[in-house]
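Hi,

Could you have a look at both together when you have a moment?

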Amino acid sequence: MPTPGPTPPAPALLTDRYELTMVAAALADGTARRDCVFEVFARRLPHGRRYGVVAGTGRLLEALPHFRFGDDELATLREQGLTDRRLLDWLADFRFSGDIEGYAEGDLYFPGSPVLTVRAPFAEGVLLETLALSVLNHDSAIASAAARMVAAACERPCIEMGSRRTHEEAAVAAARAAHLVGFASTSNLEAGRRYGVPTTGTAAHAFTLLHDDERSAFRSQVQTLGTGTTLLVDTYDVDQGIRTAVEVAGPELGAIRLDSGDLPTLATHARELLDSLGATETRIVVTSDLDEYAIAGLMAAPVDGYGVGTSLVTGSGAPTMGMVYKLVERDGIPVAKKSKDKASVGGRKHALRRHDANGIAVAEVVSSEPIAPRDGDRDLVVPLVEAGEVCDAGSPAELLARARAHHERARAALPQEAWALSRGDSALETVNA
């Protein structure tokens with residue numbers, strides 16, 4: 001089992017009522033114990049996206065051991081009218097005993113990729129639907145958007161600073177997902193505590209406005225945090241703010257931050273002014289409603305880092321990845337939904353990524369039968385839970401670090417067209433072998 005981190009909120013009631021009504025009926029008619037396979041996949045990527053990033057698996061596995069129905073949860077169910085004695089007794093004893101496999105966290109996925117596979121008795125497997133989808137849809141949306149921002153930044157560091165633009169727990173998850181795909185740090189302290197994400201932060205405009213003048217504010221910040229701090233120079237006049245910042249901190253000033261205006265023009269002018277004042281090593285960090293397109297637009301500007309908030313925590317226009325959780329096998333028999341526009345493919349899936357002789361990915365191969373591997377193929381599905389026990393050991397911070405490293409390797413194998421920010425088709429075709 002992984003080394004336990006801080007105990008998350010009990011997740012058993014973070015679910016949809018229809019899951020419990022299905023369990024109640026299945027217990028009554030004798031189908032609850034049928035061996036079933038459920039799969040999580042996305043039929044398509046958000047409009048124009050070239051790839052998705054699997055994120056949230058670690059959080060899901062953290063929550064799984066705590067998915068229990070204790071006295072408080074059972075009392076709540078009774079209050080909401082779920083009084084079936086057979087159901088309540090079964091829930092009181094519930095412990096997930098099945099197997100889970102899927103793509104390693106940090107890997108890439110494409111339409112039809114079997115991101116997560118749950119094999120368990122029907123009643124156990126169906127209970128995980130909402131938890132799995134809420135975690136994976138949210139975190140994968142954030143990670144997929146953040147990966148585009150990291151690519152647009154071209155190795156300049158990105159800072160996650162969206163806590164004030166989303167739910168307090170979503171903020172922690174967003175910071176984790178952003179770090180997974182390459183964001184250097186976060187402003188969120190709880191993400192630092194739970195997952196070891198480096199935290200950073202200096203001062204807002206309010207701190208400058210608190211003081212009688214800008215010089216007093218800068219002097220206080222430098223005296224407290226040292227000359228390596230970042231001074232926010234656009235509360236009043238940017239030119240004067242930069243001059244005052246260098247006068248107070250000296251040419252060893254760590255960085256200035258620009259949070260408004262025409263950022264490419266301001267950054268270019270700021271660099272020239274800093275250099276003329278001898279602060280040639282002082283970095284320029286920009287914020288102000290950035291997304292991947294704004295970051296790309298700053299490519300030619302002398303910017304050293306980006307702080308991203310609202311666009312990141314909302315998935316940059318795609319706040320969910322449209323993943324679904326479908327029953328694909330029952331007692332060894334493939335089953336599938338056939339309705340128009342929402343059809344699924346029956347049977348537990350196998351998946352591998354095919355690469356050319358140069359190690360560049362060329363196809364996502366998915367099949368209900370085992371796939372004969374070729375040179376350069378990489379198996380994508382790994383064990384995550386066996387007989388109810390989480391496979392991968394390590395603290396939450398260690399598991400996140402592994403996922404981050406895995407993402408770097410997977411992303412390095414993408415074809416060149418995958419990096420384009422313009423709308424286009426999936427970077428890899430999903431081939432049904």
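**The largest pocket**

S11 contributes the most to the lining of the largest pocket, with three residues. Before going further: this is a predicted model, in which local features need pLDDT of at least 70 and side-chain atom pairs count only at pLDDT 80 or more, while totals for chains, interfaces and linings use all residues. Residues are numbered from 1 along each chain as its sequence is written, and side-chain values use heavy atoms, with hydrogens and water left out.

Helices (H or I, at least four residues) and strands (E, at least two) are DSSP runs, numbered from the N terminus. A pocket here is an open set of points on a 1 Å grid over the protein atoms alone, where a 1.4 Å probe fits and protein lies on both sides within 12 Å along at least five of seven lines; lining residues have an atom within 4 Å of a point. Grid points are joined across faces, edges and corners, and the volume is the space filled by probe spheres set on the points.

The largest pocket holds about 730 Å³ of space. Its lining is made up of 31 residues, and Met161, Arg164, Arg257, Thr287 and Gly307 lie nearest the centre. Strand S10 (283-286) and strand S11 (305-308) each supply at least two of the lining residues. By class, the lining has nine nonpolar, 15 polar and seven charged residues; Ala, Val, Leu, Ile, Met, Phe, Trp, Tyr, Cys and Pro count as nonpolar, Asp, Glu, Lys and Arg as charged, and the others, Gly among them, as polar.

**The sheets**

Both S10 and S11 belong to an open sheet of six strands in the order S7-S6-S11-S10-S9-S8, with parallel pairing. Strand S7 (185-186) and strand S8 (230-232) are at the edges with a single partner strand each, so one side of each has no neighbour in the sheet. Two strands are said to pair if DSSP finds at least two bridges between them. Strand S6 (residues 158-160) is joined to S7 by two bridges, in the parallel sense, and Ile159 has Ser185 of S7 as its bridge partner.

A further open sheet has four strands in the order S16-S14-S15-S19, and there the pairing is mixed. Strand S16 (378-379) and strand S19 (429-432) are its edge strands, each pairing on one side only. Within this sheet, strand S14 (residues 350-355) and strand S15 (residues 361-367) run antiparallel and are joined by six bridges; His350 is partnered by Ser367 in S15.

Strand S3 (residues 99-103) has four of its five residues buried, so it is largely enclosed by the rest of the structure. Buried means under 20% relative accessible area, exposed over 50%, and partly exposed in between (1.4 Å probe, protein chains only). S3 pairs antiparallel with strand S5 (residues 116-121) over four bridges, and also runs antiparallel to strand S17 (residues 381-386), again joined by four bridges. Asp99 has Arg119 of S5 as its bridge partner, whereas Gly102 has Val382 of S17.

**Helix H12**

Helix H12 (residues 263-276) has 14 residues and reaches 20 Å from its first C-alpha to its last, close to the 20 Å expected at 1.5 Å a residue; the expected span is 1.5 Å times one less than the number of residues. Its buried residues include Leu263, Ala267, Ala270, Arg271, Leu273 and Leu274. Helix H11 (238-249), strand S9 (255-258) and S10 are among the elements that cover them, in contacts of heavy atoms within 4.5 Å. Just after H12, Gly278 takes a positive phi of about 90 degrees.

**Two backbone spots to check**

Most residues other than glycine have a negative phi. Which residues are worth a look here? Cys154 has a positive phi near 50 degrees; Cys154 lies in the loop between helix H6 (129-153) and S6 and is partly exposed, at 46% relative accessible area. Asp331 also has a positive phi near 50 degrees. Asp331 is in the loop between strand S12 (323-330) and strand S13 (333-334), and is partly exposed at 42%.

**Overall**

The protein has 15 helices and 19 strands, and its C-alpha atoms fill a box of roughly 80 × 55 × 40 Å along the principal axes. Of the 433 residues, 52% are buried. Among contacts between residues at least 6 apart in sequence, 73% join residues at least 24 apart.

Best wishes
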